[in-house]
Each structure stands twice: as structure tokens, then as C-alpha cells.
Amino acid sequence: MPFRIVPDETTIPFMRFARWGFPASVVAMVVSLVLFFVVGLNLGIDFKGGTLIEVQSQSGAVDIGAVRQTLQPLELGDFEVQGFGSGNEAVIRIATQPGGDEAQQAAVQKVQNALGFDAYNYRRVEVVGPRVSGELAETGTIAVLVTLVGVLFYIWFRFEWQFAIGAIASLLHDVVLTIGFFTVTQIEFNLSSIAAILTIVGYSLNDTVVIFDRVREMLRKFKQTPIRGIIDLSVNQTLSRTLLTSLTTLIALAALFFFGGAVIRSFTAAMIWGVFIGTYSTVFIAAPMLIFFNLRPEKVAPPETAKKPATS
């Protein structure tokens, strides 16, 4: 007999729990927004500005890990080291130093002295000002908003408008709580964090569409069953798939978080959080919206396919 992570006869009353989960989520979103405006994010170099130093190794490929370890004791604040090109080139980004231009120049000098002039050529040093960082913040926000609008029209076209509202509510919930996560933990918020938010949106949407598709299928089969029972039935039938997907994703993300290094840690931390809230929001945010907006079975079910399920 094959192993099943969830028995076929599972009948968890998810919508009964949603009566408590939905208000709790609203409170969590309000708290996240308050913390965002009061405490703020720990913005990285991409958004705060800083200094960019491009170096070229004179002896083969750049050891990014060794460079990062060399710069760690210099007390430069936030900094990033990334390789590019043929492998013997790297870019070092240093956050804006307190103390003005003199402090910034001193930080550059520290980097050059630590790495040495024999091992590396310093090809350019540039200042990333607040204007560039402001443009990054603006384009990142636009990217998230365009994604949400695209999702709205996609779900509306594929299902019904009630499904679209539920999906958008779920995705807004995930975005706001992820911002709250960054605010509470003060993990550095940079461009990879924007990528994490967009990835969480995609992950949550995929989970939502799977359950919505099952809801639509069950509405066609059981037209006389209340929508609350249809949603519980659909979520229970897809529960095994949901748990397996979440667990396998978490295993991969945990490996990246612990062994992937500091460069992608903010991304993987946000994604681990996103897997949990994305799975939660599909069941306790998106699905209850169908009840709230009074989705009718006849909207999606042809009359000739209606039949009532057997009751125990």
C-alpha cells in the first residue's frame, strides 16, 4: 500500500477555522504596516546608496569568499562582493559611511589597503547616490504592483471575479506580511528582497490556482452543496499536494539558507517565510473571499452536471 501523507478520508473544517484566521491576518497586516512606517526597513546599499569599487585579480579567478572575509574586520557597515565577467573581476559595494566624503574616501582606502595593490587592479570607484537608489525603490514598487494587476486580470479571465478578488487579497496579504517580516527581523532589504517578494507572489498564486481549480470542479459536480462545504472538500482533496510541495520547497530553501552564504540569505529567509504565509493565505484568505462575495454554484456549473454528494 503506497504511503499517503494525508489520508483520503481527511475532512478538516478549514472554513470554520477561517473565522478566526481571517481577523488575525487583518490585525497582522495592520501591525506590519504600522511597523513599516514607524520602524522602517533595514535598507541595503541598493537603496541607501554608497560606493562601488570594481577590482580585477592579477592572478586568476577572484575568490569571493576570501575577499568577503578580508573586508569583514574593517567595520565598513553593509557591503557586498559580487563576481562578474570572466571570473577574475568583482564589484565591491560599500554603504554610505557616517562622516561625509572624507569618511567615504577613508573606507575606499581601507579596502585597497586590505586587498593590496599587488593582487588586484582597481579599475573604477564610483558613488551610488540617493537618486539612483530612489529609482530602484520606485521601479521595485512598480514591478510588484504590475504583477498584482496582471494576476487580477488573469484570474478574472480564467475563473470569475470573486476568484480574482480572493487571489489579490491573498497576494496583498503575503506582500504586506513579508514587508512586516523584514521590518521585525531587520534583515537587510535589497534588490534580492524585491525578487523574493515577486517569487512569493508566484508561489502563492500557484497554490491558489490549484485550489480554485478544484473548487470550480467541485461546484460543477455538487451544485446543491453550500460553498463552504465545497471549499472544505476542495482544500482537503488538495492538502496532500500542498503539504508535499511546501515541504520539498522548504528543504531546498533551508539548505540555501544555511550553506548558501550571506549574499542570498535575505532572499532565502524571505522565501522560507513566504512558503508558510503563501500556503496559509490560500486557505484562510483567498478561499473565504468566495464565501464573503457569495459565489453561486450556478455561475460556474452547467445545470445538467449538478448532483449531490453522498453524506456519511
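Which residues does Ser170 touch, not counting residues up to four places away in sequence?

**View 1. The protein chain as a whole.** This predicted model shows a protein chain with ten helices and six strands. The chain has 312 residues, and buried residues make up 43% of them. When contacts between residues at least 6 apart in sequence are considered, 78% of these contacts join residues at least 24 apart.

View 2. Ser170 lies in helix α6, and once residues up to four places away in sequence are set aside, Ser170 touches Ser204, Thr208, Ser281, Thr282, Ile285 and Ala286. Ser170 counts as buried because its relative accessibility is 0%, and buried means under 20%. The helix that carries Ser170 is itself mostly covered, since 19 of the 25 residues of α6 are buried. Helix α6 spans residues 161-185 and reaches 36 Å from its first C-alpha to its last, which is close to the 36 Å expected at 1.5 Å a residue.

**View 3. The packing of helices α7 and α10.** Helix α7, which covers residues 191-221, and helix α10, which covers residues 265-292, pack at an angle of about 30°, and their axes are 8 Å apart. The crossing that α7 and α10 make is right-handed. Sorted by class, the residues in the contact of α7 with α10 are 15 nonpolar, eleven polar and one charged.

**View 4. Phe22 of helix α1.** Phe22 is found in helix α1, and with its neighbours within four places in sequence left aside, Phe22 is in contact with Tyr280, Phe284, Ile285 and Met289. Ile285 is also among the residues that Ser170 touches. Phe22 and Ser281 are 259 residues apart in sequence, while their C-alpha atoms are 9.0 Å apart in space. Phe22 counts as partly exposed because its relative accessibility is 28%, and that class lies between the limits of 20% and 50%.

**View 5. The buried residues of helix α8.** Helix α8 runs over residues 227-237, and its buried residues are Ile227, Ile230, Ile231, Asp232, Ser234, Val235 and Asn236. The elements that cover these buried residues of α8 include α1 (14-38), α7, α9 (239-259) and α10.

View 6. Strand β4 takes in residues 89-95, and six of its seven residues are buried, so β4 is largely enclosed by the rest of the structure. Strand β2, residues 50-57, runs antiparallel to β4 and is joined to β4 by seven bridges. In this pairing, Ile53 has Ile92 of β4 as its bridge partner, and Gln56 has Glu89 of β4. Strand β2 is likewise largely enclosed by the rest of the structure, because seven of its eight residues are buried. Strand β3, residues 79-84, also runs antiparallel to β4, and six bridges join these two strands. Here the bridge partner of Gln82 is Val91 in β4.

Definitions and conventions
Residues numbered from 1 in each chain as written. Predicted model: local features only at pLDDT ≥ 70, side-chain atom pairs only at ≥ 80, totals over all residues. Heavy atoms only, no water. Axes fitted to C-alpha atoms, helices over the stretch in contact; angles between N-to-C directions. Helix = DSSP H or I, 4+ residues; strand = E, 2+ residues; numbered from the N terminus. Left-handed = near helix turned anticlockwise from the far one by under 90°. Nonpolar A, V, L, I, M, F, W, Y, C, P; charged D, E, K, R; others polar. Expected span 1.5 Å × (residues − 1). Buried < 20%, exposed > 50% of the residue type's maximum accessible area, 1.4 Å probe, protein only. Contact = heavy atoms within 4.5 Å. Pairing = 2+ DSSP bridges.
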